[in-house]
Amino acid sequence: MSNDNDNHDQAELYLGLISGTSADGIDVALVDCAEGRARLLQGATITLAPTLRQQVLALSQGDGSFDIDQYGRLDVQLGEAFAAASLALLGAAGVAPEEIRAIGSHGQTVRHRPLGAHPFTLQLGDASIIAERTGIPTVADFRRADVAAGGQGAPLLPILHARLIATPDEPCAVLNLGGIANLTVLGDANGIRGFDSGPANALLDAWCQLHTGQPVDRGGALAAQGRLDRDLLNALLRDPYFAAPPPKSTGREYFHLRWLDSHLRGRDIAVADVQATLLALTVQSVVHALAEHAPSTRRLWVCGGGVHNVHLMQSLKKSLPFPVHSTADFGIDPDFIEATAFAWLARARLRGIPGNVPSVTGARGSRVLGAIHSPRPSF
Ligand SMILES: Nc1ncnc2c1ncn2[C@@H]1O[C@H](COP(=O)(O)OP(=O)(O)OP(=O)(O)O)[C@@H](O)[C@H]1O
Ligand SMILES: [Mg+2]
């Protein structure tokens, strides 16, 4: 739990909630958004109950065994878990629910299909339950307005990255190493840009879980024991997603174990070598994306859980011709930027301020994001 105990008198307090594509836990952030800033006061990650995580992963990877009743129950269970996470953080911070203007809840993405005849993106975690249990107005469904306007609905982080990592004289990029890796490009002549570069922890976790029973390859130890299989890496990198131009975004429904299996067929590769190759896939897809779409980048700031994967960070540093840092070196906790973003976007929603960046998502224009679920008649 991170903590920044200033007095809250002048603060405008919001909570941000997200369970990311890794489904490792619910991140909850208490954020001061006075005057449009986004200052993390306290954050916590509440591990998802294993049964809940299993259901999320099964639904997200589209294994076909889910029915609509399970889906409805999971929506409610996740809503309850988000509400409990909110109340736990407020209890730990000594802040009463009445002091919170609103909760911004991203929810749990279970499907993201921004392309095709009927594009959609689906996040679970019933926001009415969150509002009812906490007594706090809750903004949710942040991605749909952007998709309705022809956008990808993702990534939504760039607007906050641009606020938090202000280095006007130096073109830089921010890399979020979540289940999927997403890049924000800042400070070059083209304005704010951003896109998902490809898979990150989702595949590393899945392969590690399958072969070792551990949900995370701690520090990248398994990958570090293996040797990169260059043929496999080249085959993986030939997937058309990597060469597609932005705007683009992706998820677990695309980069899952079945995708990896389709490339492993006919190859006999040791478990650790596959893990090493998956780690190299994350690194190389980022390296190629920066070279192709942000060649003037002079520094990379990294956030998200992957920042704790020492081997992954070392490999990134070796593969890029400029400095690579954790956002912690900028004074920003790398584990709570996403949750902070949804607190900030909740404030934007209440004030009618657009939350998308059309140059990132490809939407037809700026849109106010999210729907408000309020338990208070006077709201
Ligand atoms: N010590 C560590 N060593 C290796 N990997 C780690 C470590 N700590 C965290 N991780 C990785 O980070 C992941 C969680 O990161 P994060 O919470 O940013 O991802 P996420 O919830 O999927 O978010 P997003 O919405 O950005 O995809 C874990 O699943 C794990 O793969
Ligand atoms: Mg997470």
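The points below are grouped by topic.

The model is predicted, so local features need pLDDT of at least 70 and side-chain atom pairs count only at pLDDT 80 or more, while totals for chains, interfaces and linings use all residues. Residues are numbered from 1 along each chain as its sequence is written, and chains are lettered from A and ligands numbered from 1 in the order in which they are written.

**Domains**
- An automatic or database domain assignment gives domain 1 (2–153 + 337–373) and domain 2 (166–330).
- The centres of domain 1 and domain 2, taken over C-alpha atoms, are 24 Å apart.
- In contact are 18 residues of domain 1 and 20 residues of domain 2 (C-beta atoms, placed from the backbone, within 7 Å).
- On the side of domain 1 that touches domain 2, strand E5 (100–113) and helix H14 (358–361) each supply at least two residues (DSSP runs numbered from the N terminus: helices H or I, at least four residues; strands E, at least two).

**Ligand 1**
- Ligand 1 is surrounded by 22 residues, of which Gly-20, Ser-22, Gly-178, Gly-179 and Gly-305 are the closest (C-beta atom, placed from the backbone, within 6 Å).
- Both domain 1 and domain 2 contribute at least three residues to this shell.
- Helix H6 (residues 201–212) gives the most, with 3 residues.

**Helix pair**
- Helices H2 (residues 68–93) and H3 (residues 127–134) pack at about 35 degrees with axes 8 Å apart (axes are lines fitted to C-alpha atoms over the stretch in contact; angles run from 0 to 180 degrees between N-to-C directions).
- Residues making the contact include Phe-82 of H2 and Ile-130 of H3.

Technical notes
Contact = placed C-beta atoms within 7 Å.
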